[in-house]
Structures are given as structure tokens and as C-alpha cells.
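Hello,

My notes on its aromatic rings follow below it.

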Amino acid sequence: MADVEAGQKDEIKTNVADNQEDIIGDLKAEQDTRNVGTLERKLKSRHVQFMALSGAIGTGLFVGSGQVLSLAGPLSAFLAYVITAFNVYCVVHSLGEMATYLPLPGAVPVYASRYVDEALGFVLGWNYWYQLAIGCPIEVTVSVVVVDYWPNDIPKAALITVFFLVMVIINCFPVRIYGEAEFAFGAIKLTTIVGLILLMFITTLGGTPSGESIGFRYWNDPGPMNEYLTTGSLGKFLAFWKVFIQATFSYGGSEMVVIASGETENPRRNIPKAIRRVFWRIALFYVLAIFLVTLCVSSQDPRLLDAIKNLAPGAAASPFVIAIENGGIKILPSIINAVILTSAWSAGNSFFYSSTRVLYAAALDGKAPRFLTYEKWGVPYACVGATTALSLLCYMNVNNQGEEVFFWFSNISAVSTLIVWSSICLTYLRFYYGLRHNGISRDSLPYKSPLQPFMAYFAICFCLVVALFNGYDAFFPGKFSAKTFVPPYIDIPIFAALFLGYKFARKTRFVKLSDMDLWSGKTEVDRLEGTWPEVKPKNFLERIWFWIA
């Protein structure tokens with residue numbers, strides 16, 4: 001009898017031990033795959049590199065730069081784009097370091113939850129999704145306006161439906177199809193921008209049919225800095241400050257290549273390479289292009305002022321096209337307008353894709369309804385449906401002027417961009433100090449961003465200052481109205497209310513450095529790291545192509 005009882009006790013102990021091992025194994029497996037999701041890594045290196053190079057380049061550069069030039073003047077416009085460019089550089093590199101260490105799909109809200117506060121992860125997930133998703137109706141609206149450059153009788157509702165439906169269909173296919181579409185449109189945008197830069201340079205030297213050498217003539221007359229609201233130095237400063245929000249809108253979405261890290265082949269090789277491409281995109285395609293066009297077009301150019309005053313569609317308000325027309329070149333304006341159209345649609349497509357991945361990441365982290373994690377064939381269809389629903393706002397354009405809708409959406413989107421960027425850099429600082437606390441050297445990371453943590457501190461200060469003071473003109477006598485006050489500031493109380501509401505409802509706490517989760521999901525990425533084939537160039541042409549893509 002004693003032997004039977006002893007045997008039963010041994011059996012119970014064995015079962016308990018087995019159950020404990022199973023529980024530990026399940027917990028380890030859950031930690032290894034936490035926030036990883038079931039999307040597929042089908043974006044190739046060339047897809048990611050072209051996303052980095054052409055990314056969200058759209059109407060903000062081609063058309064919006066004309067508004068910046070006319071309001072602020074050439075020097076102020078150039079400086080605004082340069083300073084904003086450095087801010088973008090800081091944000092992208094901060095996010096890139098986290099994303100190469102832990103490349104998860106749309107992981108910005110996940111990082112915020114782990115390194116700062118779950119409340120920040122919640123509000124960042126929804127705010128970031130909104131900021132990106134609202135870019136879809138913005139760019140669809142702009143695409144319709146651009147088409148009006150050519151005389152036509154096509155109903156606006158029909159054009160909206162065509163542009164919007166194609167966008168939705170592409171995002172319903174596996175991510176590889178999206179990558180191919182952006183690769184094609186990116187090639188068009190890059191070719192056009194390089195061509196425009198060369199043309200602007202030739203124009204300043206007098207190489208156009210008019211034969212007129214321009215140089216720095218327009219910087220001298222009417223002058224390098226315009227005045228706004230008042231005269232003198234204060235008026236010039238106010239004009240300079242006012243255009244930062246438009247410059248931010250032009251750069252919005254520059255970090256989208258990092259959002260794609262969760263679906264990228266060999267992310268610890270391709271994402272750092274793409275991040276470095278962002279620098280060249282900023283330096284060449286924005287800063288150099290803006291500098292050259294300010295040489296070619298006066299801030300008081302009658303064509304530019306008339307186009308802005310009369311809300312001229314598409315290329316008619318583009319300073320690049322005005323420079324071409326002033327130079328006596330007849331054929332190019334319609335071609336440039338076609339490129340502006342493809343750029344606007346491509347930017348909207350990129351916003352659509354990125355918004356679905358951010359929302360998917362929030363759902364995986366429990367910050368959005370669970371049904372939003374539904375995916376098939378590597379596509380988060382529930383998130384695609386959510387973004388589609390919000391993007392139906394583009395049909396507001398049927399009964400309103402497209403430019404008026406564009407104004408409200410672009411301002412709200414730009415302010416949201418600043419809040420998201422500052423939150424990303426705050427999250428990076430926590431990540432930075434979390435690594436130090438846990439004895440992890442940044443030299444051991446797959447990618448180490450330069451000049452940290454100073455770049456992150458700069459970006460936080462810059463974004464918050466611009467966000468708080470971008471609507472200053474609403475407080476000047478006679479300027480206060482819903483149009484001047486609401487768009488610049490509406491996103492700030494929304495962000496604060498969501499953050500505080502979630503924090504008090506869920507009683508979340510600020511994540512201590514000792515409690516920071518730096519490892520969940522990393523094992524799965526580490527396991528895949530050695531499985532990607534290393535492709536080597538076979539000849540000189542392949543070497544050049546591999547450098548580009």
C-alpha cells in the first residue's frame with residue numbers, strides 16, 4: 001500500500017513538473033512572437049530603397065512650395081525647408097535605430113507602450129493611424145484638382161471614385177504588389193525631380209529659349225525675405241515662422257520606410273541602407289530643388305500670385321512649371337502636371353499602406369479592437385477596411401472646393417505629424433536610456449544612429465514649438481476665425497484627451513528602465529537573420545544597381 005501511495009505521489013510530481021514546463025514553454029513562445037503578427041516579409045531591397053528615396057514626395061514639394069515661396073520669400077523658404085529637413089533626419093534615424101533592433105510591422109505604438117507608457121502607445125497608435133489615413137483623402141482630393149489643369153467635363157465624383165478605388169484594390173493585394181507599384185511610381189518621381197533640378201540649374205544660367213541669365217536676381221529684388229502681418233524685421237520673422245507647417249506637410253510620411261520593416265526581407269541590412277537614402281532624398285530632392293526654384297521664380301511673380309489667388313489647379317500653381325513657362329519652354333508643363341498627378345496618387349497610396357500597418361500593430365498590442373488583427377495572404381484586411389472608411393471623406397470634395405478641403409485636412413495632418421514625430425523621439429530617448437540601464441552597448445546594435453541623444457532632444461523641442469505656435473496669426477487683430485484657429489490646434493486637445501483618458505481608465509504607469517521590455521519578439525527576428533541569401537553583384541552595372549537599390 002505504501003508503494004502504491006509513493007508511486008501516485010511521484011506521478012503527481014511528474015505531472016506538475018510537466019505542466020510547469022509546458023506553461024514556461026508557452027510563455028517563452030508567446031514572448032518570442034509577441035507583436036510579430038502574421039504578415040509576410042515580401043518587400044525586397046529595391047522596393048524599400050525606392051520607398052526611402054521617393055516615399056511621400058507629392059504635391060507638398062511640387063505645388064505647396066509655391067505657397068511657401070510667395071508668402072515667405074526665397075531665403076525664408078529655403079531656410080524653413082533646411083531646418084525642417086534636419087528635424088526629419090533626426091526623427092527617421094531615431095526611429096530607424098529602434099526598428100532595426102526590433103523590426104515589427106508598424107511598430108511605432110508598440111515601442112511607445114514598451115518604453116514609455118501604455119497610454120502613449122494607445123494614443124500614438126490611433127493618432128498616427130489618423131495622421132496617415134487622412135493623407136489618403138488629401139491626396140485623392142489633390143489628384144482631382146490636378147486633373148482640372150486640363151480642360152475636361154468629367155464629374156468630380158467619377159474621378160474620386162477612380163483614384164480611390166484603385167488605391168483600395170492595390171492595398172487588398174499582397175504587399176509585394178504594393179511594393180512593385182511604389183517602385184514604378186518612385187522611378188517616375190525620381191526621374192522627374194532629377195530632370196527638374198537640372199532644368200532649374202540650366203535656367204539660372206540662361207540656357208532656356210529666352211536666353212536670360214537669372215542668378216540671384218530674385219533674391220535681391222523683391223528681396224530674400226517677405227513680410228507678413230506687420231512690417232520690418234518682425235514681419236519678416238513672422239513670414240518665416242508661418243511656412244514651417246507647410247514645410248512639415250511636404251516632409252510628412254518620410255518615416256514610412258521604417259514602418260515597412262516588419263514586412264521587409266533582411267530588415268537589419270535593408271532598413272539601415274534605406275535610412276541613409278532618406279538623407280540623400282532630403283538633401284537633393286527637397287533642399288536642392290527648393291533652392292534652385294527660388295532662384296528661378298520671384299516670390300512676387302505675377303503668374304505665381306495669380307495662380308494662388310485664383311486657386312489654379314495642378315501644375316498651374318507649381319513654381320517649377322512657372323519657371324519653365326517664364327523660360328519660354330512650351331511642351332513641359334503638361335508633362336510635369338502628369339507627374340504631379342502620379343506623385344499625388346502615389347503619396348496617397350503610401351499613406352494608405354502605412355496607416356493599415358500602424359493600426360494592425362496597435363491591435364496586436366491590445367490598443368485597438370482585436371478583430372483588426374484579421375489578415376489573410378499577408379494583408380490586414382480589417383485595417384484596410386478601417387482606413388477605407390475614413391478615406392471616404394474624399395467625397396466631401398464633390399460639394400466643396402477641393403482646395404478648401406485640402407486646407408483643413410493638410411493643416412490637421414501636419415500638426416498631427418509634429419505630435420507623432422515628437423512622441424517617436426521621446427520613445428527613442430527611453431529606448432536609449434533603457435539600453436544603457438540594461439548594459440546593452442549601442443555598438444552591438446544592427447544600426448547605430450549618429451549624434452544621439454542630441455538629435456532626439458532637438459526634434460522634440462522643434463516639433464513641440466512649431467506645433468504650439470504655428471497658429472499664432474489667429475490671435476492678431478481681425479484674424480481670429482474657425483479657419484485660422486481650429487486646424488492648427490484641434491489635434492492637441494484630442495491627443496491629450498486620449499492619453500489622459502486611457503491612463504486614468506486603465507491606471508497605466510510610466511515604464512521604469514528596469515521594467516522595460518527590450519526582448520519580446522526579438523528571437524523570431526534573430527532566427528530569420530541568417531536565412532536571407534546574400535546577393536553579390538556580378539559586374540559593374542549590377543554594382544551600380546545594388547548601390548541604388
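R217 lies over the face of Y218, 5.8 Å from the ring centre. Likewise, the charged end of K242 sits over the ring of Y472, at 5.9 Å from its centre. A charge sits over a ring if NZ of Lys or CZ of Arg is within 6 Å of the ring centre and within 35 degrees of the ring normal.

This is a predicted model, in which local features need pLDDT of at least 70 and side-chain atom pairs count only at pLDDT 80 or more, while totals for chains, interfaces and linings use all residues. Residues are numbered from 1 along each chain as its sequence is written, and side-chain values use heavy atoms, with hydrogens and water left out.

Next, ring pairs. Rings of Phe, Tyr and Trp (its six-membered ring) pair if their centres lie within 6.5 Å; planes under 30 degrees apart count as stacked, over 60 as edge-to-face and the rest as tilted. That rule gives 29 aromatic pairs. One of them is Y111 with Y115, stacked at 6.0 Å centre to centre with 5 degrees between the planes. Both residues of this pair, Y111 and Y115, are buried (under 20% relative accessible area, with exposed over 50% and partly exposed in between; 1.4 Å probe, protein chains only).

F240 and F244 also pair, edge-to-face, at 5.1 Å centre to centre and 70 degrees between the planes. F240 counts as buried because its relative accessibility is 14%, and F244 is buried at 2%. Ring pairs link F86, Y89, F237, F240, W241, F244, F458 and F462 into a cluster.

Regards
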